[in-house]
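Hi everyone, thanks for coming. Let me put the structure up, and then we'll walk through some charged side chains and the core together.

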Amino acid sequence: MMAMACKDGKGAIMDNGKYVRYTPEQVEALERLYHECPKPSSLRRQQLIRECPILSNIEPKQIKVWFQNRRCREKQRKEASRLQTVNRKLSAMNKLLMEENDRLQKQVSHLVYENGYFRQHTQNTALSTKDTSCESAVTNGQHRLTPQHPPRDASPAGLLSIAEETLAEFLSKATGTAIEWVQMPGMKPGPDSIGIVAI
């Protein structure tokens, strides 16, 4: 088998170790012929030598090696171009993935911060609901002690339930549907006595 190397197109190494150097004019002529027919047959190579006087001192075997090398260079060029395209696509994808990773890391940090905040808030709420202090109501100028509501679930659902009840109580008082009896000065206590007004 003939030894060949994908050289720069100005020469070729034959199987006998002899290096054949082509002139720039010969390379130009061979390039033109290559673009017409990249893989000429043996008959076509002999015809090229006859038709192109500048190639007359080159053997058909040498031209065959030149065409083999030229095809090899073309294949390498196409492969390099394909790899560059793949590399550009991978670089773009890598950039997008890095941006997405950065965005997700920021989102995770934000969620960790929010989780810590809500956990602290629910712990504080749980401590305040465990407080056994009493509510006081003023009746006839005296303090009446009433126990606070029993501790509730400090989870977000429990907090939402407390908030909804508080809102309902506030709205009922704000719209006048809640009745709170107020003792008038000098009157005896109790809702059935005269002098009690409903607010």
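**Charged pairs and a nonpolar core**

Let's start with a pair: the side chains of Arg 73 and Glu 31 form a salt bridge, 3.9 Å from N to O. This pair connects distant parts of the chain, with Arg 73 in helix α3 and Glu 31 in helix α1, 42 residues apart. Please keep in mind that this is a predicted model. Is Arg 73 buried or exposed? Arg 73 counts as buried, at 10% relative accessibility.

Glu 31 also has a salt bridge with Arg 70, at 2.8 Å from N to O. Arg 70 sits in helix α3 and Glu 31 in helix α1, so this pair ties together parts that are 39 residues apart in sequence. Arg 70 is buried too, and its relative accessible area is 4%.

Now for another pair: Glu 100 and Arg 103 meet in a salt bridge of 2.7 Å, N to O. They are 3 residues apart in helix α3, so about one helical turn separates them. Glu 100 is partly exposed at 34% relative accessibility, and Arg 103 is partly exposed at 43%. Back to Glu 31: shared partners join Glu 31, Arg 70, Arg 73, Glu 74 and Arg 77 into one network of salt bridges. How many salt bridges are there? The count comes to 10.

Finally, the core. The largest nonpolar core has 15 residues, and those touching the most other members are Tyr 22, Leu 30, Leu 55, Ile 63, Trp 66 and Phe 67. Helices α1, α2 and α3 each give two or more residues to this core, and α1 provides the largest share, 5 residues. Leaving out residues up to four places away in sequence, Ile 63 touches Tyr 22, Leu 30, Arg 45, Ile 49 and Ile 58.

Technical notes. Residues numbered from 1 in each chain as written. Predicted model: local features only at pLDDT ≥ 70, side-chain atom pairs only at ≥ 80, totals over all residues. Heavy atoms only, no water. Core = buried A, V, L, I, M, F, W, Y, C linked by side-chain atoms within 4.5 Å. Buried < 20%, exposed > 50% of the residue type's maximum accessible area, 1.4 Å probe, protein only. Helix = DSSP H or I, 4+ residues; strand = E, 2+ residues; numbered from the N terminus. Contact = heavy atoms within 4.5 Å. Salt bridge = Lys/Arg side-chain N within 4 Å of Asp/Glu carboxyl O.
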